[in-house]
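Good morning, and thank you for joining this group meeting. I ask you to keep the sequence and the structure in view while I speak.

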Amino acid sequence: MALERSEVEKIAHLARLGLNDADLPRTTETLNTILGLIDRMQAVDTQGIEPLAHPLETSQRLRADEVTESNQRDAYQAIAPAVEEGLYLVPRVIE
Amino acid sequence: MHQLTLAGIARALAAKTFSAEELTRTLLTRIEQLDPQLNAFVTVTADQALEQARAADARRAAGENGPLLGAPIAHKDLFCTLGIRTSCGSKILDAFKAPYDATVVQRLADAGAVSLGKLNMDEFAMGSANESSYYGPVKNPWDLSRVPGGSSGGSAAAVAARLLPAATGTDTGGSIRQPAALTNLTGLKPTYGRVSRWGMIAYASSLDQGGPMARTAEDCALMLGAMAGFDPKDSTSVDQPLDDYLAALGKPLNGLRIGLPKEYFGEGLDARIADAVMAAVEELKKLGATVKDISLPNMQHAIPSYYVIAPAEASSNLSRFDGVRFGYRCENPVDLTDLYKRSRAEGFGDEVKRRIMVGTYALSAGYYDAYYIKAQQIRRLIKNDFVSAFEEVDVILGPTTPNLAWKLGEKNADPVSAYLEDIYTITANLAGIPGLSMPAGFVDGLPVGVQLLAPYFQESRLLNVAHQYQQVTEWHKQAPSGF
């Protein structure tokens, strides 16, 4: 199944990736080549096979509900593009 | 001094032939002189390295004598390093200084290793040629017009060119083993969960695994001994005792059962590589190994399965790069959506965007079962193939790569052609088993790698086989001319 240009635009929006109109034909073509490779999977009989999500099939380890970390806000905000008074700054979202 | 292995350096430092500081200065000079030809380093941390070296010398003067005390190494630039740029080969992290050290970085530092800097890589570890880095391609020291492999291409080039005896790498689909093969190194991808992923910037979390790259199996054993082990900070880290990797090296290979999968020797393999691999098999037979033909029938489905699972996990992992909390932010965003979209479009390179989009598509409503679930079902078939094979053999042996190192730019027009180069390495990541590549000869002056695969947590067996092979062969000792 080949992707249309409009589907590529939708995927880019879902992934929050800006796309130039000029790049769209090439991006669409490359994605279709990759999906062509991936579609070879459909020929494999996987009836009744349980999906494998984790190679060792272990489940998530739980820890005791105790405070183990200290507040690192200043260290983490020191590497942010824009902060003020401990808050991350973004363009206005509520008028 | 620069020709010494980690083991040789440990002996020389213990014998006071030279100090860690002298060794560090020598290698920093070498990096300054030679790295411009290779582009292996993104960041050289000379001041911190000299400080670590002096600290190692002080520890030694106080009576310590660990095998990595004062040993020079460097890290692939996706291991977070406190206060030092961690770029992941991407513009989006060009100015990112991690607020903490990765567990692997911390453990090697605790063992006394001296880090000389951060090594170039494919952007977000996505690539097999080290050509997708924001910092430009890395060159193969065996032929500067060729790629070193990827994504740990900077690690491979630096160690092969004798700028360092060893480096860290990571392997999601072959990114330690394939560059090791193309540059005449020994590289080990451990069992999934053996080495902590904490502070290792994620590409595909169910496949990623850190490991050592060095010139000998013995040096990989030294590195792994320090890198591996349980880490409560990584929820997929395995709480299982470590083997004594060094002690296992000396075991004779009498009775070792080697499996040769017919799928590894079929169409697409350079016949000259096949000859070199079979010559290695003959050497191992002389050491007492027996050989059996086996089959891994689902190997052919590994690449399609991988190119769903890895991009799907990447699309999720890389959603954290939003231009808000860290990393690159675009100029003058008009609103929040514009901020996200342009920061990501301007910050990520083409290959990363392609994989994010493939993954987003595979996970989107209506396609999840046809792509993601199907890929995970194939993943189980691939694991089952290995489980069956290891009932009959102790290790599986084949070529690491189907082709020799290719020319820079040769596979850029068609990304899928480069994806196919990972055919022999990807299955170990999907199954989670350990794999090692070791030098096994040359074709037209370019290195050939042999890959060994073993059951879960049998890293010591892989290192043992490679070490015994390296006792009777000289391939791993060959250095590229000019370095």
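This is a predicted model: local features need pLDDT of at least 70, side-chain atom pairs count only at pLDDT 80 or more; totals for chains, interfaces and linings use all residues.

Strand β6 of chain B, residues 210-214, is mostly covered, as five of its five residues are buried. Buried means under 20% relative accessible area, exposed means over 50%, and partly exposed lies in between, with a 1.4 Å probe and protein chains only. Helices (H or I, at least four residues) and strands (E, at least two) are DSSP runs, numbered from the N terminus.

Residues are numbered from 1 along each chain as its sequence is written, chains are lettered from A and ligands numbered from 1 in the order in which they are written, and side-chain values use heavy atoms, with hydrogens and water left out.

Which strands pair with β6(B)? Strand β4 of chain B, residues 166-170, is joined to β6(B) by five bridges, and the two run antiparallel. Strand β5 of chain B, residues 186-189, is joined to β6(B) by two bridges, also antiparallel. Two strands count as paired if DSSP finds at least two bridges between them. As a general point, strands of a sheet pair through backbone hydrogen bonds, either parallel or antiparallel.

Let us now widen the view to the sheet. Eight strands of chain B form an open sheet in the order β4-β6-β5-β10-β11-β9-β7-β8, with mixed pairing. Its edge strands are β4 and β8 (290-294) of chain B, each of which pairs on one side only. From one strand to the next, the twist averages 30°. Axes here are lines fitted to C-alpha atoms, for helices over the stretch in contact, and angles run from 0 to 180 degrees between N-to-C directions. An instance of parallel pairing is found between β7 (residues 257-261) and β9 (residues 395-399) of chain B, over two bridges. In that pair, Gly259(B) stands opposite Ile396(B) of β9(B).

Contact means heavy atoms within 4.5 Å.

Why is α5(B) described as largely enclosed by the rest of the structure? Eight of its eight residues are buried, so the helix is largely enclosed. Among them are Gly153(B), Ser155(B) and Val159(B). Just after α5(B), Arg162(B) takes a positive phi of about 65°.

I turn to the nonpolar cores. A nonpolar core is a set of buried Ala, Val, Leu, Ile, Met, Phe, Trp, Tyr and Cys residues joined through side-chain atoms within 4.5 Å. The largest has 168 residues, of which Phe124(B) and Leu463(B) touch the most other members. Helix α10 of chain B, residues 302-317, gives the most to this core, with nine residues. Leaving aside residues up to four places away in sequence, the contacts of Phe124(B) include Cys88(B), Tyr203(B), Phe321(B) and Val352(B). A second, separate core of five residues includes Ala129(B) and Trp406(B).

Chain B has 16 helices and 11 strands. Its radius of gyration is 21 Å, close to the 23 Å that the globule rule gives for 483 residues, so chain B is as compact as a globular protein of that length. This radius is taken over C-alpha atoms, and the globule rule is 2.2 Å times the number of residues to the power 0.38. Of the residues of chain B, 66% count as buried.

Chain A has three helices and two strands, and from the N terminus on its elements run α-α-α-β-β. The radius of gyration of chain A is 22 Å, well over the 12 Å that the globule rule gives for 95 residues, so chain A is more spread out than a compact globule. In chain A, 27% of the residues count as buried.
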